[in-house]
Amino acid sequence: MPPGYIHEPDWKLLRSLSPVALERLSQRILDELVAIANDSSMTAHDRYGTIYGHIHDRNKDMAYAFDGLRRSTAINQLALMKIHGLITDEEYAGFSTQTRGILDAR
């Protein structure tokens, strides 16, 4: 297997967890947007601008972690999901010792 590629069982697990992790990130972002929208210390226009910028910034996070998921990028994308707290400890434990070792060394 080429370096950087994820083993088949881990790839299958990641593909099954990816939609769950994406949903978690989407909900987190929506919660952040609600908090901004409800921040009465800012004007409506300031809240709008903040929301616009926040969506732009968070969309980058989402794209890096989820767009174009393939075996050659899976380790990096899994690392981002882990960094952002989108994979639970139980889910993470389902990955092979080798994959966890690569991620834990980062």
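**Entry 1: H1 and H3.** I began with handedness: H1 passes H3 in a left-handed crossing. My rule for this: a crossing is left-handed if the near helix is turned anticlockwise from the far one by less than a right angle, and right-handed if clockwise. Helices here are DSSP runs (H or I, at least four residues), numbered from the N terminus. The model is predicted, so local features need pLDDT of at least 70 and side-chain atom pairs 80 or more, while totals for chains, interfaces and linings use all residues. Residues are numbered from 1 along each chain as its sequence is written, and side-chain values use heavy atoms, with hydrogens and water left out.

I then took the geometry. H1 (residues 8-37) and H3 (residues 74-83) pack at about 40°, with axes 11 Å apart. Axes are lines fitted to C-alpha atoms, for helices over the stretch in contact, and angles run from 0 to 180 degrees between N-to-C directions. That makes H1 oblique to H3. The classes are: under 35 degrees roughly parallel, over 145 roughly antiparallel, 65 to 115 roughly perpendicular, the rest oblique.

I listed the contact (heavy atoms within 4.5 Å). H1 brings Trp 11, Leu 14, Ser 18 and Ala 21; H3 brings Ala 74, Leu 78 and Met 81. By class I have 6 nonpolar, 1 polar and no charged residues. Ala, Val, Leu, Ile, Met, Phe, Trp, Tyr, Cys and Pro count as nonpolar, Asp, Glu, Lys and Arg as charged, and the others, Gly among them, as polar.

**Entry 2: H1 and H2.** The axes of H1 and H2 (residues 44-66) come within 10 Å and cross at roughly 165°. The two helices are therefore roughly antiparallel. Their crossing is right-handed. Among the H1 residues in this contact are Ser 18, Ala 21, Leu 25 and Ile 29; H2 residues include Ile 51, Ile 55 and Phe 66. I sorted the contact into 11 nonpolar, 4 polar and 4 charged residues.

**Entry 3: H3 and H5.** H3 and H5 (residues 97-104) pack at about 65°, with axes 10 Å apart. That makes H3 roughly perpendicular to H5. I noted a right-handed crossing. Ile 75, Leu 78, Ala 79 and Lys 82 of H3 touch Thr 99, Ile 102, Leu 103 and Asp 104 of H5.

**Entry 4: a ring.** Which residue lies over the face of Tyr 92? I found Lys 82 there, at 4.9 Å from the ring centre. The test is NZ of Lys or CZ of Arg within 6 Å of the ring centre and within 35 degrees of the ring normal.
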